[in-house]
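This report describes how the chains of one assembly meet.

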Amino acid sequence: AGFPPCPPAGPVYPTVKVSGFFHLDTDWFDQNQANLDTVGDIQNSDGFRRARLAAKGKVADNVSYIMEYDFAISQARFVDVWLQFEEVAMLGTVRIGRWRQPFGMDELTSVREIPFLERSLIFSMAPFRQTGIGFFNNNEAEDMTWAASVIRYPSDSFGNVGGDNGGYGFVGRYTILPFYQDDGERLLHLGADYYFVDPAMNEAGFASQPEIQIVDSAGNIPTILSSVPPFINTGTVPTNNISSYRLEAAAAWGRLYVQSEAQWLQLDQIGGTNETIEGAYIQFRYVLTGEKLPYDRKTGVFKTITPFHDVKPCYGGIGAWEATARWSYADFNGAWLGNPATHPGRQLNDLTLGMNWYVNKFTKFQFNYIHAMLNDPTIGESNANIFAARCQLQF
Amino acid sequence: AGFPPCPPAGPVYPTVKVSGFFHLDTDWFDQNQANLDTVGDIQNSDGFRRARLAAKGKVADNVSYIMEYDFAISQARFVDVWLQFEEVAMLGTVRIGRWRQPFGMDELTSVREIPFLERSLIFSMAPFRQTGIGFFNNNEAEDMTWAASVIRYPSDSFGNVGGDNGGYGFVGRYTILPFYQDDGERLLHLGADYYFVDPAMNEAGFASQPEIQIVDSAGNIPTILSSVPPFINTGTVPTNNISSYRLEAAAAWGRLYVQSEAQWLQLDQIGGTNETIEGAYIQFRYVLTGEKLPYDRKTGVFKTITPFHDVKPCYGGIGAWEATARWSYADFNGAWLGNPATHPGRQLNDLTLGMNWYVNKFTKFQFNYIHAMLNDPTIGESNANIFAARCQLQF
Amino acid sequence: AGFPPCPPAGPVYPTVKVSGFFHLDTDWFDQNQANLDTVGDIQNSDGFRRARLAAKGKVADNVSYIMEYDFAISQARFVDVWLQFEEVAMLGTVRIGRWRQPFGMDELTSVREIPFLERSLIFSMAPFRQTGIGFFNNNEAEDMTWAASVIRYPSDSFGNVGGDNGGYGFVGRYTILPFYQDDGERLLHLGADYYFVDPAMNEAGFASQPEIQIVDSAGNIPTILSSVPPFINTGTVPTNNISSYRLEAAAAWGRLYVQSEAQWLQLDQIGGTNETIEGAYIQFRYVLTGEKLPYDRKTGVFKTITPFHDVKPCYGGIGAWEATARWSYADFNGAWLGNPATHPGRQLNDLTLGMNWYVNKFTKFQFNYIHAMLNDPTIGESNANIFAARCQLQF
């Protein structure tokens, strides 16, 4: 029935590859008095932000899998755990399990490859990793990608969700590449994303830290402030459903890369008003040492830099250096049911300057200075200066 | 002293192989009012029932090992962790560590290879994985197997047990193959199992869900009913010791496979009567697409099906399809000390119809419809209809 | 600029190797009445003391890494997680992450290679694994090693530390080999160690079990005494800073190996007196079957024994046998702030006799008899006899 001919005998299945990476961070905080009053005294900290190990491979020519866990947060938590069927008629690749849902260019960029220590403020409004079934594909010219999923929502850190009152959702993303020259030296990317969810147990909530997050310290130091508190937080509100849109734009011009996204999210409160939260960011990357930042035409995201010259004794190379800047904005204002006293609507602006040092293809250091400007309806404006550094090793 | 000659130089030790599998389940519940009154309202759920990774291999010609962990239940728990010495004089293979003790044909069938989503109701009365030392062997004609262990009891999910008041036990199994024709096309298997334990801390208890178990949801959804409650449950009772017998019978006749077991367990209560709990099951499997279900003559269990034609674009195969049915019964009636009000003696009958779809050797989908009939001494008869599906990927 | 020539094309990076080991222990306790009164009734126990899996390898000619986790204690905890740059000018190897800090010959001997089940009593006063950055090196003649680190202190079981009030420290070690004959048949090792820490949150404390430690039983047996209680314990005391010295001496004379260390630690209490705790041990090893215990000249520690003849059917070998003895002493007396009633200053002497059986290079059994002599200021002298055995499998 028109099936393609079988491929020649390949590797003996199943194949397995072990991979992993860790993020070791150090963070310093300088808060003004109003900020101390608004969010509390955040302690300087050191620790492993992420520490992931994965087994991945293929069990047949057309079936691949991954099982990935993060050991950094006092319990081994699920990251990506899925299997996928490739070359499925009409649909392309069909995936079952838990993975990053197709929503957001920043979200779909691997955390090993994002240009800052954390994703932008609007990351808090994305569905991100959920358990479900979905498909993704691209056109033959590779200037168009699409993806859609049906998910269970919200799933916990172990991929589970339960509840008779709903608990389902839909997520989709569509991107185009209207302009692409010289193998990606100059390009323009545009995208649109949408999701709708009816949360299990009829509860939902959104919160964000100021683009920095100290690791959890659930171990033997019970008295420390274990993590950066959310600067903006709706609290848990009784929810019928949530719908949200996002727009993406990105461009490359020589060694300058710009990426921007904006999102609107409407939450239908049970027994309350419909409320909208929104946010946006724009970020700039400039590669000082001249390496190219590749763009993946099958998934519609930027990848990462491979240095021309590794830092090693025999070469004396300096690796690759990249300067970055980002402005992020999120407005979580609204008449939230639940506990408005403890979760007042707030607005947050973040300005970040950064430098990335790629020692070799698998090792990098990142440095971020973040100026967070918070506006609380009661306390008013406050700010915090944050300096953070990261050591990343991947394999 | 009559030792066999040394084998030729083999692989460089130690060898290591990484393997794993996951079970992603989705469950729907329909309970009548009496069942809601008896066990509470069970929520429809989705999640990872198991997610296991293992490292295994050999450290010498005669010494092999495994270290296997399950990441699905909010902490990485011990599964099989042992080393074994092979070709030991008189004893065969000697194993030290934590593993599935030699009791029960259903229990000794790998959870990747059982024909239903869960083992039968009498699984709740088996010692299953415990920490100890034991041996197993078979005769040269491979129509007889035997195994015995001395264990510490009861061990927790991390292989540990403590307590000065006992904490020891014995487990044994013996199987024969009185009839075996045409390379297993037609066969008859018979077996007998026994265990005796004196539990540490002088406490024991038995409980069973209705052959379905939603994963634990210890993550960020604190309010949901996190798991299927036990339908039958003795609670924790003060216990001197426990002794239990099981009988096994199984047969193959062409592509029809039948397996049945029955168990009696006597619990000697401290300060109370001796009580007996009992159960049995019979299950049928028929392979619609004609593949054979192999029987392992060294361990006395059925293995799994490998499809003639994988589901893949180039072949257009439909994989292998198998229809299944099971009736299970367990009677946990008795005058239980401890807390009889919360753990009344109950009887449970389960009727299951299922279908298994083997996509390829490493990927399968399973579908179960379970009709659970519960008899509570106070509330009387009630029932629940359960529909469940599983996606299994192994490597 | 005088860089060495590049090495020839090597393996394709990254390389990954999976390794691991487990310790399965069984412990029996016999306490006299005074000891029962002093520390409580310790239950006989069985369990996995350690169960570790690691991924390690290189990501470049000059960059290697490890990510190692221990699954034995109800959560997967961080062991070694680091990357290191090799052949760094002046410094030698530079390491970033979490690892065993350069303090103590016993501490720097791998737990797979220590001659007893646990390290000596003064292990409790070492910084051991902390998160930081450090370097280590040796001279070209390999009769001198040095190492130093800057650490964050104290870090928890996940490598994290937080707190604005200090939280930094320095650790260093220096060893020499004044006498080394016949490839290590006869040798003399001397060493000195130092550390200074200003603990985060201004709190610190020291405690030690009697050189035996049952695994944690955080699973399904909530009522047991989950671990051996500390016999000596300062409790948590308000602390400005801690400084500590250690001296090391070790010698080989044929198949007899002697190793001894002594440590002094001064704790500057906030609002209290400066207090000193101290301890020492000396241990003897004699290899009955004649194998040599190698000494590593690059790290200044003894390694482990490889049997001449493995225990296997074809050879009939008996493996290697080693007799051991150790005397340990620790004095935790002092006027401790915090809770002196529950943490009285005590002295502990431990006398251990042991036997190690190396079945093959990767499998061993260890047997320890420990006589612990405790002196409590209120209850007076008491003692406990402990018999413990371990099965170790590594790969």
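## Strand pairing between chains

Strand β8 of chain B, residues 161-162, pairs with β2(C) in the antiparallel sense, and two bridges join them. Within β2(C), C:Ser45 is the bridge partner of B:Gly162. The model is a predicted one.

An antiparallel pairing over two bridges is also found between β8 of chain A (residues 161-162) and β2(B). Here A:Val161 has B:Asp46, in β2(B), as its bridge partner.

## The interface of chain C and chain B

Contact between these chains involves 43 residues of chain C and 46 residues of chain B. The two chains bury about 3,600 Å² between them, and carbon and sulfur atoms give 68% of that area.

Two salt bridges are counted between chain C and chain B. B:Arg152 and C:Asp46 form a salt bridge in which the closest N and O atoms are 3.2 Å apart. On the side of chain C that touches chain B, two or more residues come from each of β1 (17-31), β2 (45-60), β20 (347-360), β21 (363-376) and β22 (380-394) of chain C. The strand that gives the most to this side is β2(C), with seven residues. Sorted by class, the side of chain C that touches chain B has 25 nonpolar residues, 13 polar ones and five charged ones.

## The interface of chain B and chain A

For chain B and chain A, 43 residues of chain B are in contact with 46 residues of chain A. About 3,600 Å² is buried between chain B and chain A, with 68% of it on carbon and sulfur atoms.

The interface of chain B and chain A holds two salt bridges. A salt bridge joins the side chains of B:Asp46 and A:Arg152, at 3.3 Å from N to O. Nine residue pairs are in polar contact between chain B and chain A, both residues being at pLDDT 80 or more.

The side of chain B that touches chain A receives at least two residues from each of β1 (17-31), β2 (45-60), β20 (347-360), β21 (363-376) and β22 (380-394) of chain B. Of the elements, β2(B) gives the most, with seven residues. By class, the residues on this side of chain B are 25 nonpolar, 13 polar and five charged.

The copies use different surfaces in their contact, as 5% of the contact residues of chain B recur in chain A.

Definitions and conventions:
Residues numbered from 1 in each chain as written. Chains lettered and ligands numbered in written order. Predicted model: local features only at pLDDT ≥ 70, side-chain atom pairs only at ≥ 80, totals over all residues. Heavy atoms only, no water. Contact = heavy atoms within 4.5 Å. Buried area = accessible area lost by both parts, 1.4 Å probe. Salt bridge = Lys/Arg side-chain N within 4 Å of Asp/Glu carboxyl O. Polar contact = N/O pair within 3.5 Å; in protein donor to acceptor, adjacent residues only side chain to side chain. Helix = DSSP H or I, 4+ residues; strand = E, 2+ residues; numbered from the N terminus. Nonpolar A, V, L, I, M, F, W, Y, C, P; charged D, E, K, R; others polar. Pairing = 2+ DSSP bridges.
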